[in-house]
Amino acid sequence: MAYVATIGNFDGVHRGHQTVLKKLLSRSQALGLPSMVIAFEPSAKEFFLGSQAPARLTNFREKFNLLQDFGIDRFVCLSFNRTLANMPPETFVRDVLVSGLNIKHLTVGDDFRFGKDRKGDYPMLTRMGDELGFSVENTEGFVVNEERVSSSSIRDHLANGRLDLAEQLLGRMYSMSGRVIHGDHRGQDIGFPTANIPIKRRFSPISGVFATKVRIEHDTEALGVTNVGHRPTVAGTRTQIEVHLFNFSQMLYGKHLTVFFSKKIREEQKFNSLEELKNQIRVDAETAKEHFKIAA
């Protein structure tokens, strides 16, 4: 089976990525060939930079679901290891794209680089396409309000609490998802029970306290206040998401939640006592309710 494909990290599946995917699907329909997205795990930056790599906007499952929702026929995830890192771009094209995956058309972003030392680029792909029998199409970057859409710019907006600007570049509210696990029940003890969700990535691109919308599994929705951090008041060490839902009493253990971040309320901070923490959560909850216009 031959494919129409694109290659990239696709972290966040933002509006720039969406432009590439729309062109991919259009070409797929025109050529009568199935579409394919080729990505890497871990990312090249995670492989080379380790703990210095930027935080992921989307974990693997989130990225897969977003691509699936877009209608992509096949998602191929290549293991980014030492062999792939040292592979000359010409070898990658011949052995992986052509011999391995039978690519007949390739759509790439305008800043796409690949292969050892990032020597592979659009002109190289075009030359090799003429030689090996596949076509190549370049997609220009997507600009919103004179800002080029990129994963790094979205990270910057999220880190600085500019959720509205991040939403413009993503084309949707920023969200994180995961399955609810058992916690230490401290929230319940102080009158604010929380659903605890591990972030499933090395670092979180977002931290602090937020007014959030929450989708439970695929049907139920609720509003709440959410902390993303490591809970310094109770000497926490693991970064996680803690969601307190308003007017909600159903059991959530084991359920999959998607948390949409609507407004940043404050940074995470350490309090001198659980009573101080309880009082601040009460204030945070009222701030979130005012944001959502929920009657007290």
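The largest pocket holds about 1200 Å³ of space, where a pocket is, on a 1 Å grid over the protein atoms alone, an open set of points at which a 1.4 Å probe fits, with protein on both sides within 12 Å along at least five of seven lines, and a volume is the space filled by probe spheres set on the points, joined across faces, edges and corners. Of the 49 residues that line this pocket, the closest to its centre are Gly8, Asn9, Phe112, Arg113 and Arg118, a lining residue being one with an atom within 4 Å of a point. The model is predicted, with local features needing pLDDT of at least 70 and side-chain atom pairs pLDDT 80 or more, while totals for chains, interfaces and linings use all residues. Residues are numbered from 1 along each chain as its sequence is written, and side-chain values use heavy atoms, without hydrogens and water.

The largest share of the lining, four residues, comes from α2, helices being DSSP runs of H or I with at least four residues and strands runs of E with at least two, numbered from the N terminus.

Turning to the sheet, five strands form an open arrangement in the order β3-β2-β1-β4-β5 with parallel pairing, where two strands pair if DSSP finds at least two bridges between them. Because β3 (74-79) and β5 (135-139) stand at the edges with a single partner strand each, one side of each is left without a neighbour in the sheet. Four bridges join β1 to β4, and the bridge partner of Ala5 in β4 is Leu106.
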